[in-house]
Amino acid sequence: MKNRLKVLRAERDWSQADLAQRLEVSRQSVNAIETGKFDPSLPLAFKLARLFGLRIEEIFEDSGQ
Amino acid sequence: MSPRVGSPAMYRFENRMLFVIVPLYVLVVILGISLSHFHLHPTRIWAVLCAALLSSPGIGFIFCFGLYLSEEKDEFQRTLLVQSILWALGVTICVGFFWFALGTFFHVPQMKFASDEILFAVVYAVSSLVTRWRYR
């Protein structure tokens, strides 16, 4: 699943490690989500959305559409 | 902000493996070698106790995995472990099936004590490395 995590992170000048710390996950997890290799669960997606102050669909792109 | 290298659950998992499971493996290998070297054939309750001890590392291994999965909050790390375990279980079961089927047609040596556990551990180690490398 495509997402805008890298852009959103860059806008805030956060490293992957910074974002991982804020989400309470490993940096490897952030990297896997960012590169689209791993789709986060709904709770984690909501956590990301809250962190960036956006809606989930503004971060993740539904590839089925 | 310092990056998180490993989760607390992962540290606990590694400690359990290092200080409980590995010594159990060593004990089992020593017991197995002693039994075969001295041609000992325990009977009744001793046979049951020996069997329980020989299978304890494998059972402990699986127990530690379960405990880790229930403690780990990072869903991605959980996914990595589940993938590695599935590979290890799959290969171990396939080799077991094949060896059993081979025994139907040929006279093949019986699998030695804990050989399935050792195979599981080796495949788990390899698949764990490969899985982490894929998502590095």
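What percentage of the 65 residues in chain A do buried residues make up? Buried residues account for 22% of that chain, where a residue is buried if 20 or more other C-beta atoms lie within 10 Å of its own, exposed if 12 or fewer, and partly exposed in between, with C-beta atoms placed from the backbone. The model is a predicted one, in which local features need pLDDT of at least 70 and side-chain atom pairs count only at pLDDT 80 or more, whereas totals for chains, interfaces and linings use all residues. Residues are numbered from 1 along each chain as its sequence is written, while chains are lettered from A and ligands numbered from 1 in the order in which they are written.

Chain A contains five helices and zero strands, helices (H or I, at least four residues) and strands (E, at least two) being DSSP runs that are numbered from the N terminus. Its elements run α-α-α-α-α from the N terminus on, and its C-alpha trace spans about 30 × 20 × 20 Å along the principal axes. The radius of gyration, taken over C-alpha atoms, can be set against a globule rule of 2.2 Å times the number of residues to the power 0.38; for 65 residues a compact globule would have a value near 11 Å, and the 11 Å of chain A agrees with this. Of the contacts in chain A with a separation of 6 or more, 52% are between residues 24 or more positions apart, two residues being in contact if their C-beta atoms, placed from the backbone, lie within 7 Å.

Chain B has four helices and zero strands, which follow the pattern α-α-α-α along the sequence. The C-alpha trace of chain B spans about 60 × 35 × 20 Å along its principal axes, and 15% of its 136 residues count as buried. Among the contacts in chain B with a separation of 6 or more, residues 24 or more positions apart account for 78%.

Within chain B, the axes of helix α1 (residues 8–37) and helix α2 (residues 44–71) come within 9 Å and cross at roughly 170 degrees. Such axes are lines fitted to C-alpha atoms, for helices over the stretch in contact, and the angles run from 0 to 180 degrees between N-to-C directions. The crossing makes α1(B) roughly antiparallel to α2(B), given that angles under 35 degrees count as roughly parallel, over 145 as roughly antiparallel, 65 to 115 as roughly perpendicular and the rest as oblique. Among the residues that make this contact are B:Phe13, B:Met17, B:Val20 and B:Leu24 of α1(B), together with B:Leu53, B:Leu54, B:Phe61 and B:Cys64 of α2(B). The residues of the contact divide into 16 nonpolar, three polar and three charged, where Ala, Val, Leu, Ile, Met, Phe, Trp, Tyr, Cys and Pro count as nonpolar, Asp, Glu, Lys and Arg as charged, and the others, Gly among them, as polar.

Between the two chains, the contact takes 15 residues from chain A and eleven residues from chain B. On the side of chain A that touches chain B, α2 (16–23) and α3 (27–34) of chain A each supply at least two residues, and the residues of that side divide into six nonpolar, five polar and four charged.

The largest nonpolar core has nine residues in all, namely A:Leu5, A:Leu19, A:Ala20, A:Val25, A:Val30, A:Ala32, A:Ile33, B:Phe76 and B:Leu80. A nonpolar core is here a set of buried Ala, Val, Leu, Ile, Met, Phe, Trp, Tyr and Cys residues joined through C-beta atoms within 7 Å. Two or more residues of this core come from each of α2 and α3 of chain A and α3 (75–105) of chain B, with α3(A) giving the most, three residues. Leaving aside its neighbours within four places in sequence, A:Leu5 is in contact with A:Ile33, A:Glu34 and A:Ile59.

In helix α3 of chain B lies B:Glu75, which is partly exposed, with 15 other C-beta atoms within 10 Å. Apart from its neighbours within four places in sequence, B:Glu75 is in contact with A:Ser41 and A:Leu44.

Finally, the backbone. Most residues other than glycine have a negative phi. A:Glu24, although not a glycine, has a positive phi of about 60 degrees; A:Glu24 lies in the loop between α2 and α3 of chain A and is partly exposed, with 13 other C-beta atoms within 10 Å. B:Arg44, also not a glycine, has a positive phi of about 50 degrees, lies in helix α2 of chain B and counts as exposed, with 7 C-beta neighbours inside 10 Å.
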